[in-house]
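Morning, everyone. Please have the sequence and the 3D view open while I talk. I'll take it place by place.

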Amino acid sequence: MELSVLGQNNGGQQSAGGCASSSCGSTNDQLSHLPDNIREKVHNHPCYSEEAHHYFARMHVAVAPACNIQCHYCNRKYDCANESRPGVVSEVLTPEQAVKKVKAVAATIPQMTVLGIAGPGDPLANPQRTLETFRMLSEQAPDIKLCVSTNGLALPECVDELAKHNIDHVTITINCVDPEVGAKIYPWIYWNNKRIRGVKAAKILIEQQQKGLEMLVARGILVKVNSVLIPGVNDEHLKEVSKIVKAKGAFLHNVMPLIAEPEHGTFYGVMGQRSPEPEELQDLQDACAGDMNMMRHCRQCRADAVGMLGEDRGDEFTLDKIESMEIDYEAAMVKRAAIHAAIKEELDEKSAKKARLAGLSVASVQNSTSGRYRPVLMAVATSGGGLINQHFGHASEFLVYEASTSGVRFIGHRRVDQYCVGNDTCGEKESALAGSLRALKGCEAVLCSKIGFEPWSDLEAAGIQPNGEHAMEPIEEAVMAVYREMIESGRLENDGALLQAKA
């Protein structure tokens, strides 16, 4: 069965955003081992399921401006349309405005399954606004999953209210379990009407986070833990965080890179704290993956993001635009249910096909080799649909895959500035091309639908082989085909020198 709405925006246009892979994350079938009631909660949640984020959209509503802690990596902005990071919004909404916006989005983008409140401050530091939004949505849009993201300071006293409003997905940002580490991340918290600083503040925050996690798990609420990787501050410590939150029942761990550009105005940005290199992030995610499921497809969304992960259609749903919309949500729910059922059918068929193809691909590699071959990282340019269908110069991000004799797995995404922004400017953005080369560090091939002569030469000079021979082919099949070609050409045999150089 082919479903025309999959991977598309309303109106049949191919989505330009989002991750197009069919196997993001740490496992090929992250949900297969789960009981039916848990699978039902996550099968169409784009943040909790690797597979779901290729087909289902999410949105955030910015109803929570206040925050009860200060983080060195955060600078909230309430009227910004240019930055893509947590804590940033274009407009703060009342609960009533938020509900109308949610219904407008759900009616226009039927693949939207999840509504989250994630700021721009902390939702639980604004409990009345947050809970009133959830109350109205549970009554007026019962087919939408409701989620909340919190720093955890006020979580324990809110758990019962969250459960009452049918919130069954909660994200807690936990960056440490050691107050000494926490004091380097959080300059202060606001607790019991007092501003508390240093190690004492971090100790209170950690205790509240852990208590809230335990209370949520005891009530059957799924918990995702977000952790910001800050080189030199909590990088090694996050392995301990992962072990502890898994032991307490967290469902998923999302280790994401620090965003610390100076222009954002954060303390870390101004003070020159560096962000992690892609290899550092991957190594830490792999180290933590032995303890629990890892989320690798996070896009660190704005607090008012709308659409598939990796895209933002918020400009289509500003207050002035939704005021004039006529919304028949009863009719919308019927349409949404039909589309969701069709997506599920396609996912089931795709999963079965993928298993067959993976078995053949891996067997082909293993049977054609007599020794062990190292894994290879490859970057892919795609505009959606699980295909290699994007020009190198048009890519604003590359998806990175690891190919090995065990198969193909998704590693993560690397953002870049577009090298080519139009026929008259292609090739002129030297700094963008240099940035792409830096972003592709560690990759040995880049697969795209087309590429110009100049970037081709620069990529080869950097040790990255451009490949435009698999245009419009499924990503994982193409990656495995290139891997087989590399084996057959002898590039992966007896490559100890290269491995030693990379170590």
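Find the loop between strand 6 (188-191) and strand 7 (194-197): Asn193 sits there. A word on those labels: helices (H or I, at least four residues) and strands (E, at least two) are DSSP runs, numbered from the N terminus. Now, this is a predicted model, where local features need pLDDT of at least 70, side-chain atom pairs count only at pLDDT 80 or more, and totals for chains, interfaces and linings use all residues. Residues are numbered from 1 along each chain as its sequence is written, and side-chain values use heavy atoms, with hydrogens and water left out.

Back to Asn193. Its phi is positive, about 65 degrees, although Asn193 is not a glycine. Why point that out? Most residues other than glycine have a negative phi. Is Asn193 buried or exposed? Asn193 is exposed, at 67% relative accessible area. Here are the cut-offs: buried means under 20% relative accessible area, exposed means over 50%, and partly exposed is in between (1.4 Å probe, protein chains only).

Next, Met472. Look in the loop between strand 15 (465-467) and helix 14 (475-488). Met472 is not a glycine either, and its phi is positive, near 70 degrees. With 52% relative accessibility, Met472 counts as exposed.

Now go to strand 9 (residues 252-257), where you will find His253. His253 has a relative accessible area of 0%, so it is buried. Which side chains does the His253 side chain touch through polar contacts? One is the side chain of Ser227, at 2.9 Å. Another is the side chain of Ser242, at 3.1 Å. By polar contact I mean a pair of N or O atoms within 3.5 Å; within protein, one must be able to donate a hydrogen and the other to accept it, and residues adjacent in sequence count only if both atoms are side-chain atoms.

On to helix 2, residues 95-108. Helix 2 has 14 residues and reaches 20 Å from its first C-alpha to its last. That is close to the 20 Å expected at 1.5 Å a residue. The expected span is 1.5 Å times one less than the number of residues. Several residues of helix 2 are buried, among them Pro95, Ala98, Val102 and Val105.

Last topic: salt bridges. A salt bridge here is a side-chain nitrogen of Lys or Arg within 4 Å of a carboxyl oxygen of Asp or Glu. How many salt bridges does this rule give? The count comes to 13.

Take Asp160 and Arg219. They form a salt bridge, with the closest N and O atoms 2.9 Å apart. Asp160 is in helix 4 (residues 159-164), while Arg219 is in the loop between helix 6 (198-218) and strand 8 (222-229); this pair links distant parts of the chain, 59 residues apart. Asp160 is partly exposed at 47%, and Arg219 is partly exposed at 38%.

Arg274 pairs with Glu280 in a salt bridge, closest N and O atoms 2.8 Å apart. Arg274 is partly exposed at 42%. Glu280 is partly exposed at 27%.

Then Asp286 and Arg409: a salt bridge, closest N and O atoms 3.3 Å apart. Asp286 lies in helix 9 (residues 278-289) and Arg409 in strand 13 (residues 407-415), so the pair ties together parts that are 123 residues apart in sequence.
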